[in-house]
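Me: I am new to this structure and would be grateful for a close look at a single helix.

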Amino acid sequence: MSNKKTIDAKKYSELSKIELSTKEMEILNEQFPEILKYFDLLSQVDISENIDTQTLSNVFREDVSVDSIADKILDVVPEKKDRFVKGPRMM
Amino acid sequence: MSILASRFEEIKEKNKSINAYITFSKLEDSNFDGRLSGKTIAIKDTISTAGLRTTCASKMLENYIPPFDAHVISLLKKQGVTILGKANCDEFAMGSSTEHSAYGATHNPHDLERVPGGSSGGSAAAVAGDLADFALGSDTGGSIRCPASFCGIVGLKPTYGLVSRYGLIAYGNSLEQIGPMAKNVYDCALLLECISDYDNRDATCVNNKKINYTKHLNDDISGLKIAVPQEFFGRGTDPIVKKSVWDTIDKLESEGAIVEEINIESIKYSLAAYYIIAMSEASSNLARFDGLRYGLHIGKSKDWNELFSNNRKFGFGFEVKRRIMLGTFALSSGYYDEYYIKAQKVRSLITNDFKKIFSKFDVIVGPTMPTLPFKLGEKLTDPLSMYMSDIDTVSANLAGIPSISIPCGSSNSLPIGIQLMSSHFDEKTILNLGNKIEQIRGIKNE
């Protein structure tokens with residue numbers, strides 16, 4: 001394994017569902033090691049002591065019906081059949 | 001032709017050289033008589049406006065017309081403001097220069113060869129170039145304060161939870177807030193009063209008692225405790241910026257404020273933690289742009305995978321692609337603990353450090369930007385150098401605290417901004433201090 005950590009642009013373009021041109025792939029493969037090196041600054045931080053994680057709580061509201069904008073939302077769908085979004089086969 | 005209609009024509013003409021707007025509204029007189037009647041506003045193009053094209057400066061949403069208003073837009077309309085149009089920005093708010101826009105870069109009104117800052121660069125340039133009285137921006141890591149500083153206006157990122165994000169098209173949703181941008185502190189406080197309102201459609205919106213920020217602009221500052229972290233003046237800070245900010249701090253001290261230099265060591269990790277969290281959230285938030293339900297839709301594909309990848313290939317610009325991929329990496333199996341979880345823990349560490357400081361001090365002060373506005377194209381091919389521009393602003397987003405940028409000087413007619421931060425929901429203290437800075441500099445408010 002090389003000492004220089006990097007991110008494989010081809011693998012992550014597939015995982016991200018973004019098709020890249022060869023030129024874009026080349027540029028990213030060149031830039032990723034430098035960005036990753038900067039991110040690795042965090043490996044210096046000692047987080048062994050107990051750090052208060054942010055206090056999170058659930059937010060609830062009453063289950064009451066409100067006016068729906070579903071029809072307006074369906075208006076912007078490029079391809080549809082009745083009230084369904086039409087898409088290509090999954091596989 | 002009404003005064004507004006003729007002014008609108010002038011604005012459209014002026015926009016040709018500044019490119020602050022992507023889309024202009026169809027000018028309509030407001031039916032509401034409110035606190036902003038007769039005033040005009042530019043809205044960042046990441047904020048949904050019913051019936052008015054909202055592109056996020058992306059090809060992906062080139063023809064997207066939102067079916068609903070963001071909560072802040074509903075509030076502003078009730079105050080009688082005239083929305084002039086949608087302001088340019090970096091695509092999906094990802095950038096610090098407004099060069100990453102599918103509709104061309106915005107130019108800084110103070111020097112057309114320089115960037116206005118970003119990502120809310122169109123909003124800032126509209127206000128600075130007199131193309132609107134006010135603007136709304138959104139700030140994920142400095143996107144209101146950076147362009148406010150570079151364009152010589154006032155811009156405030158509110159406490160996380162003060163302003164509803166309903167209708168703000170998400171980038172880094174745990175970090176971002178919509179906020180006011182204006183020519184002076186009074187206008188900024190007025191606009192904040194109009195948009196800070198509880199809304200149960202944003203589950204992170206906090207139901208606090210409303211504060212009249214404009215009523216607290218002349219509070220006495222004697223005895224106010226100001227902390228100045230040395231880390232905000234680190235390597236990369238232009239000596240001209242440093243001097244201007246310190247001159248202002250010295251004047252505040254002579255007005256009775258108590259100033260102390262401090263250290264916040266965790267700040268040096270804030271930029272890396274910020275980018276890992278923001279990119280991770282972006283990779284998840286932007287997964288909705290699949291080309292099926294709205295936005296760009298490129299013809300027939302053999303399957304869903306091809307349709308998804310193809311739409312994103314043509315719909316997203318290069319910076320958006322880069323950030324989604326880096327975020328996907330940070331969230332992927334094998335790297336999740338090392339990057340995303342670690343960044344979240346560092347975020348808690350930074351938040352706790354800020355809380356400790358605010359138990360002893362009222363305000364933290366430093367520069368907004370480490371440099372003067374840079375030239376268009378200067379950092380475009382070097383992403384890390386562009387990311388570094390946010391070094392002094394991101395910690396406020398990680399900690400969720402309010403932060404404002406106020407003009408404090410200039411060099412060769414390029415503006416310099418001073419940044420003031422306060423404790424959660426204590427916007428009134430930094431607005432008051434900002435107002436004092438304007439008084440010291442002889443700027444008259446309305």
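Reply: The following account concerns helix H13 of chain B and its surroundings. This is a predicted model, in which local features need pLDDT of at least 70 and side-chain atom pairs count only at pLDDT 80 or more, while totals for chains, interfaces and linings use all residues. Residues are numbered from 1 along each chain as its sequence is written, and chains are lettered from A and ligands numbered from 1 in the order in which they are written.

Helices (H or I, at least four residues) and strands (E, at least two) are DSSP runs, numbered from the N terminus. H13(B) covers residues 427-440, 14 residues in total. From its first C-alpha to its last H13(B) reaches 20 Å, close to the expected 20 Å; the expected span is 1.5 Å times one less than the number of residues.

H13(B) is mostly covered, with 10 of its 14 residues buried, that is, with 20 or more other C-beta atoms, placed from the backbone, within 10 Å of their own. Among these buried residues are Ile430(B), Leu431(B), Leu433(B) and Ile437(B), as well as Glu427(B), Lys428(B) and Lys436(B).

The buried residues of H13(B) pack against both helices and strands of chain B. The helices are H5 (185-195) and H6 (239-254), and the strands are E5 (154-157), E9 (363-367), E10 (403-411) and E11 (414-422). Contact here requires C-beta atoms, placed from the backbone, within 7 Å. Just after H13(B), Gly442(B) adopts a positive phi of about 75 degrees.

Note on methods: A residue is buried if 20 or more other C-beta atoms lie within 10 Å of its own, exposed if 12 or fewer, and partly exposed in between; C-beta atoms are placed from the backbone. Two residues are in contact if their C-beta atoms, placed from the backbone, lie within 7 Å.
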